[in-house]
Amino acid sequence: MKAVIHGVTVGYTDQGNGTPLVFIHAFPLSKTMWQPQVDALKDSYRVITIDLGGHGESDIVLWNDSLDGYAKNVIHLLDHLGIAQAIFVGLSMGGYTLFSIYRHYANRVKAMVLADTKAQADSEEGKAGRQSMAEMAFKDGASAIADMMLPKLLAPSTIEHHPEIVEQVRQMILHTSTAGIVVDLVAMAARPDSTDLLPTITCPTLVIVGEDDQATPVTESQYIAQRIPGSTLVTIPQAGHLSNVEQPAAFNKALNSFLKKCRL
Ligand code: MLT
């Protein structure tokens with residue numbers, strides 16, 4: 001599905017009825033990474049996925065280079081769909097976007113799931129790495145980014161035993177525009193530290209992480225879970241950074257029991 005919102009084409013899916021569940025994807029992927037969760041939940045919830053700008057079916061907005069801008073685009077989609085409050089699920093960059101949503105639109109958040117993400121801002125070394133990656137994307141295109149990112153996104157066991165997942169993730173990256181990749185990198189490098197936000201989060205929160213996540217290791221999720229009052233941490237075995245794609249059954253089980261426990 002597509003909608004033109006504030007003059008920009010936004011790709012999204014909207015299936016099912018009930019409490020809205022909104023899924024926000026990782027860098028440099030698209031809404032299609034959430035297909036296993038859409039399939040599992042659309043009979044019980046209203047499940048929405050969105051392509052952030054420059055990903056999947058969404059237009060790039062070159063000047064939208066902050067995660068607050070990404071957060072605003074998600075809220076604009078909810079306004080367009082007539083949704084006042086939702087449960088949000090964000091993985092990695094989707095989690096960074098969720099921190100911005102909570103910071104600016106906490107009243108829109110009924111509950112949240114922070115998957116394979118981290119609260120701290122980039123270090124100076126991390127920012128320099130973003131710049132080199134942006135230069136690589138500009139010079140060599142998305143396929144060079146795919147070659148670089150795949151071993152960071154997926155656990156070694158997934159790479160060895162699941163070539164179909166490797167190919168699916170590669171295709172998602174290849175379908176992301178170079179401009180979209182560059183804008184993401186600029187936005188992530190500029191994102192604020194969210195550590196101070198964590199103790200202020202009052203909605204039910206689940207933290208999920210793949211046990212072999214190299215990009216945002218288990219310690220990052222422990223850091224988040226220890227600071228958000230009442231939150232729960234679930235570690236997914238045999239999963240890397242894309243825990244929802246690599247181990248969908250375990251991820252969905254954690255999500256379902258959180259939703260049931262909170263009676264959401
Ligand atoms: C992601 O998966 O969204 C990225 O690994 C986030 C990042 O590069 O910090």
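This is a predicted model: local features need pLDDT of at least 70, side-chain atom pairs count only at pLDDT 80 or more; totals for chains, interfaces and linings use all residues.

User: Which residues are around the ligand?

Analyst: Sorted by class, the shell has 5 nonpolar, 2 polar and 1 charged residues. Here Ala, Val, Leu, Ile, Met, Phe, Trp, Tyr, Cys and Pro count as nonpolar, Asp, Glu, Lys and Arg as charged, and the others, Gly among them, as polar. The shell itself is A26, F27, S92, M93, Y96, R130, M188 and H241.

User: How far is an oxygen atom of the ligand from an N or O atom in the side chain of R130?

Analyst: We're talking polar contacts, meaning pairs of N or O atoms within 3.5 Å; within protein, one must be able to donate a hydrogen and the other to accept it, and residues adjacent in sequence count only if both atoms are side-chain atoms. An N or O atom in the S92 side chain is 2.9 Å from a ligand oxygen, and a polar backbone atom of M93 is 2.9 Å from one. For the R130 side chain, the distance is 2.7 Å.

User: What share of the ligand does the protein bury?

Analyst: Accessible areas come from the Shrake-Rupley method with a 1.4 Å probe; for residues, only the protein chains shown count as cover. Taken alone, the ligand exposes 270 Å², and the part of this buried by the protein is 91%.

User: Where does the ligand sit?

Analyst: On a 1 Å grid over the protein atoms alone, a pocket is an open set of points with protein on both sides within 12 Å along at least five of seven lines, a cavity is a set where a 1.4 Å probe fits but cannot get out, and lining residues have an atom within 4 Å of a point. A molecule sits in one of these if more than half of its atoms lie within 2 Å of its grid points. By that rule, the ligand's site is the largest pocket.

User: How much space lies in the largest pocket?

Analyst: Its lining has 21 residues, with K118, R130, M133, K152 and A215 nearest the centre. By class, that lining splits into 11 nonpolar, 6 polar and 4 charged. Grid points are joined across faces, edges and corners, and a volume is the space filled by probe spheres set on the points. For the largest pocket, this gives about 420 Å³.

User: Which element gives the most to the lining of the second largest pocket?

Analyst: This pocket has a volume of about 200 Å³, and H6, W63 and H76 are among its lining residues. Helices (H or I, at least four residues) and strands (E, at least two) are DSSP runs, numbered from the N terminus. β2 and α2 (67-81) each supply at least two lining residues. With 4 residues, the biggest contributor is α2.

User: What is the volume of the largest cavity?

Analyst: There are 2 cavities of 30 Å³ or more. Residues lining the largest cavity include V8, D51 and N73, and strand β2 (residues 8-15) provides the largest share of that lining, 3 residues. The volume is about 70 Å³.

User: And which helix provides the largest share of the lining of the second largest cavity?

Analyst: That cavity has a volume of about 50 Å³. Its lining includes Y96, F99 and R103. The largest share, 4 residues, comes from helix α3.

User: Which residues does a cis peptide bond join?

Analyst: Most residues other than glycine have a negative phi, and most peptide bonds are trans. H6, not a glycine, has a positive phi of about 50 degrees. The cis bond, with omega about -10 degrees, joins F27 and P28.

Note on methods:
Residues are numbered from 1 along each chain as its sequence is written. Side-chain values use heavy atoms; hydrogens and water are left out. A residue is near a molecule or strand if one of its heavy atoms lies within 4 Å of it.
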